Amino acid sequence: MLMKIFVTRKIPQVGIDMLKQAGHEVKISPLDRPLSREELMLEAAGCDALLSQLVDKIDGVVLDTIGPQLKIVANYAVGYDNINIKDAAARHVLVTNTPDILTGSVADHAFGLMLAAGRRIVESDRFSRAGKYTGWQPFLLLGQDVFGKTLGIVGTGRIGAALAERAAKGFGMKILYHDQKPNDQIEKDLGAKFCTLEELLKNSDFVSVHVPLLDSTRHMFGAAQFELMKKTAIFVNTSRGPVVNEAALRDALKKGDIFAAGIDVWEHEPELTPGLAELENIVITPHTASATIEARDNMSRVAAENIIAALKGNTPPNIVKANS
Ligand code: DGY
């Protein structure tokens with residue numbers, strides 16, 4: 001049976017082709033920007049499946065406006081804090097994400113931020129382009145070594161564990177981790193050590209965050225946490241911006257509570273907290289940790305697989321449930 005799918009923004013063609021080949025009618029927003037709530041409700045009304053972006057806020061009102069025929073919201077992201085899962089469940093709407101296929105890309109990016117912030121690579125690039133280099137100097141742009149240091153990973157799901165593997169196997173790093181429960185796999189494979197958040201912050205040279213955004217993780221990192229960290233530490237966040245109090249991060253970087261930071265996600269995307277962009281000791285990327293050609297193609301394919309399964313009445317491979 002022909003079903004209607006609304007895609008809130010253009011995505012790689014592979015998934016669109018799959019949806020069309022499955023015999024569905026696919027409407028893609030013609031606007032190459034996020035839709036407003038009103039635009040989304042208007043455009044998606046009457047669809048059987050919604051392929052959403054992580055910037056689309058989907059709650060009960062949006063779902064009711066789309067209509068009772070809606071069967072699935074397939075998020076084009078691994079994170080799904082933009083969707084009210086309980087509202088969806090109450091309306092028997094399935095929610096799916098795109099896990100696994102972007103794990104390596106995000107872990108690579110997190111490691112890239114560790115290297116870039118620790119070794120002052122972006123700052124050095126700015127310095128060089130500005131014509132400030134006058135010749136080799138013993139104290140020019142000194143950073144922190146990465147090889148053999150201690151990495152503290154907060155949240156050891158797929159991406160946190162993939163970062164641990166890169167760090168331990170590629171850079172001989174010792175791994176400390178904090179999570180809701182011990183992760184036997186990384187302990188066995190990489191010698192990672194479970195510890196409290198406080199122990200991790202006090203003892204790590206690098207701290208990388210990989211938790212979902214929940215009420216319990218909002219502002220998990222603020223002034224108190226940055227003060228616990230070593231003055232030489234580097235803080236990296238590729239999870240969700242609001243996990244970090246960005247004003248507190250700015251102040252910690254300014255005061256020298258920590259050495260540097262690398263962030264891919266911002267507290268108020270697409271706005272940066274005032275004063276952050278002026279600091280030399282932070283590397284900032286615009287939520288591009290999964291932005292590789294391979295990962296984005298695969299996200300498109302996986303989102304389409306989820307929709308095709310749901311519209312056939314089957315269980316999609318990547319259903320998500322409400323987190324606590
Ligand atoms: C995700 O998939 O949740 C990432 O944040 C996208 O880059």
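1. Is G60 buried or exposed? G60 is buried, with a relative accessible area of 6%; here buried means under 20%, exposed over 50% and partly exposed in between, using a 1.4 Å probe and protein chains only.

2. A word on the source: this is a predicted model, where local features need pLDDT of at least 70, side-chain atom pairs count only at pLDDT 80 or more, and totals for chains, interfaces and linings use all residues. Residues are numbered from 1 along each chain as its sequence is written, and side-chain values use heavy atoms, with hydrogens and water left out.

3. Now look around G60, which belongs to helix α3 (residues 60-66). Helices (H or I, at least four residues) and strands (E, at least two) are DSSP runs, numbered from the N terminus. Leaving aside neighbours within four places in sequence, G60 is in contact (heavy atoms within 4.5 Å) with D87 and R91. Its C-alpha atom is 9.3 Å from that of I85, 25 residues apart along the chain.

4. Next, the sheet. Five strands form an open sheet with parallel pairing, in the order β2-β1-β3-β4-β5; two strands pair if DSSP finds at least two bridges between them. At the edges lie β2 (25-28) and β5 (94-96), each pairing on one side only.

5. V73 has V95 of β5 as its bridge partner.

6. Finally, helix α1 (residues 13-21) packs on the sheet and touches β1 (4-7), β2 and β3 (49-52). The direction of helix α1 makes about 150° with that of β2; axes are lines fitted to C-alpha atoms, for helices over the stretch in contact, and angles run from 0 to 180 degrees between N-to-C directions.
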